[in-house]
Amino acid sequence: MDELDGRALREYFSGEGTVSEWWTPDSGPLAFHYDAEQRILEEQLPIDPSWRVLDVGTGHGRFGVQLAGHGCRVVGVDLSREMLARATERARKRGVEERFEPRLGSATDLSTFGEGAFDAVLCMELFDHLPDLGAALREMRRVLAPGGHLVFTYVPGESLYGLLGNAYRALKRRARPGELLISRTYGLRAVREALEASGLRLERYYGVGVLCANAQTRLLTGNPLARAATAVARVESRFWPYHRAPWLARHGAHVVGFAR
Ligand SMILES: C[S@@+](CC[C@H](N)C(=O)[O-])C[C@H]1O[C@@H](n2cnc3c(N)ncnc32)[C@H](O)[C@@H]1O
């Protein structure tokens with residue numbers, strides 16, 4: 001597995017017209033998968049309106065605004081000013097702007113927040129872009145109150161979606177060796193070990209989209225094969241919005257994990 005370049009990635013995500021161009025979880029072809037992640041939080045996280053919540057890599061604020069909607073006070077951190085502007089707009093539209101505070105910052109430096117400052121820390125769809133998962137988890141652990149919840153998603157290298165994504169990245173690397181690599185996959189064991197090294201324990205996890213083969217949806221948009229793959233993923237999600245059985249859960253295109 002290729003290493004990600006931390007400095008180059010910080011520049012990339014801080015820059016304009018980068019992640020904001022391709023991260024479209026609400027409207028993209030796999031929006032139903034991303035909706036399922038929010039459903040998992042509704043159904044599996046014992047959300048308390050009194051919580052102080054940190055949403056690391058908040059993006060459009062999908063999860064931060066969701067929890068603000070439950071009454072929680074949320075800080076959404078992101079490297080991208082553009083994404084923070086979108087998150088702020090989302091909070092305004094949902095009428096929760098007074099409970100959602102956007103903050104420019106990095107997952108690996110949460111030093112503006114004190115120890116144990118949050119009852120829950122969310123880190124959704126971000127592990128894949130972190131060159132040093134351990135460093136980020138140590139920071140998240142530090143700002144988490146004792147017994148607090150860490151909720152995260154990652155794309156497992158052992159899923160069909162992750163395997164195809166890795167094959168695509170390997171081909172791209174060969175064709176264009178100088179191009180910046182912006183994501184990678186993790187396996188369940190690596191995630192569990194990184195959590196433990198930071199003082200957290202993986203308690204449970206759920207998987208979305210075992211049959212999802214659309215790892216490079218943007219590349220294949222309009223292609224009949226991609227449309228067929230999306231149709232299969234859609235049918236799966238109708239019957240199983242998300243999987244709870246451990247084998248299926250850890251082979252989902254996205255795994256949503258809960259640690260404390
Ligand atoms: C794939 S998006 C996910 C957004 C959101 N969590 C969601 O699930 O919709 C990743 C977000 O993390 C931000 N990001 C990337 N690296 C980061 C870092 N090291 N620290 C903070 N934010 C980061 C990006 O700018 C982007 O908004």
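Two residues are in contact if their C-beta atoms, placed from the backbone, lie within 7 Å. By that criterion, and not counting residues up to four places away in sequence, Cys123 touches Val56, Gly57, Met140, Leu150 and Phe152. The structure is a predicted model, in which local features need pLDDT of at least 70, side-chain atom pairs count only at pLDDT 80 or more, and totals for chains, interfaces and linings use all residues. Residues are numbered from 1 along each chain as its sequence is written.

**Overall fold**

- The protein chain has 11 helices and seven strands; helices (H or I, at least four residues) and strands (E, at least two) are DSSP runs, numbered from the N terminus.
- The radius of gyration of the protein chain, taken over C-alpha atoms, is 17 Å, close to the 18 Å given for 260 residues by the globule rule, so the chain is as compact as a globular protein of that length. The globule rule is 2.2 Å times the number of residues to the power 0.38.
- Along the principal axes, the C-alpha atoms of the protein chain fill a box of roughly 45 × 40 × 40 Å.
- Of the contacts in the protein chain between residues at least 6 apart in sequence, 76% join residues at least 24 apart.

**Burial and the nonpolar core**

- Buried residues account for 43% of the 260 residues in the protein chain. A residue is buried if 20 or more other C-beta atoms lie within 10 Å of its own, exposed if 12 or fewer, and partly exposed in between, with C-beta atoms placed from the backbone.
- The largest nonpolar core has 68 residues, and those touching the most other members are Val53, Val56, Val121, Leu122, Cys123, Met140 and Leu150. Such a core is a set of buried Ala, Val, Leu, Ile, Met, Phe, Trp, Tyr and Cys residues joined through C-beta atoms within 7 Å.
- In soluble globular proteins, nonpolar side chains tend to be buried together.

**Surroundings of the ligand**

- There are 22 residues around the ligand, of which Gly57, Gly59, Ser80, Ala107 and Glu125 come nearest. A residue is near a molecule if its C-beta atom, placed from the backbone, lies within 6 Å of it.
- This shell divides into 11 nonpolar, eight polar and three charged residues. Here Ala, Val, Leu, Ile, Met, Phe, Trp, Tyr, Cys and Pro count as nonpolar, Asp, Glu, Lys and Arg as charged, and the others, Gly among them, as polar.
- Glu125 is placed in the loop between strand 4 (118–123) and helix 6 (133–143). Glu125 counts as buried because it has 20 C-beta neighbours inside 10 Å.
- The phi angle of Glu125 is near 60°, a positive value in a residue other than glycine. Most residues other than glycine have a negative phi.

- Strand 1 pairs with strand 2 (residues 73–78) in the parallel sense over five bridges; two strands pair if DSSP finds at least two bridges between them.
- Asp55 belongs to strand 1, and its bridge partner in strand 2 is Gly76.
- Asp55 is buried, with 32 other C-beta atoms within 10 Å. Beyond its neighbours within four places in sequence, Asp55 is in contact with Phe63, Gly64, Val74, Gly76, Val77 and Leu122.
- From Asp55 to Ala107, 52 residues apart in sequence, the C-alpha to C-alpha distance is 9.7 Å.

**Strand 7 and its partners**

- Five of the six residues of strand 7 (residues 254–259) are buried, so strand 7 is largely enclosed by the rest of the structure.
- Strand 7 pairs in the antiparallel sense with strand 5 (residues 144–154) over five bridges, and in the antiparallel sense with strand 6 (residues 202–208) over six bridges.
- Val255 in strand 7 stands opposite Tyr154 and also opposite Gly207.

- Pro146, in strand 5, counts as exposed, with 7 C-beta neighbours inside 10 Å.
- Ile47 lies in the loop between helix 3 (31–44) and strand 1 (52–56) and counts as partly exposed, with 18 C-beta neighbours inside 10 Å. Leaving aside neighbours within four places in sequence, Ile47 is in contact with Leu67, His70 and Cys72.
- Tyr168 is part of helix 7 (residues 160–175) and is partly exposed, with 14 other C-beta atoms within 10 Å.
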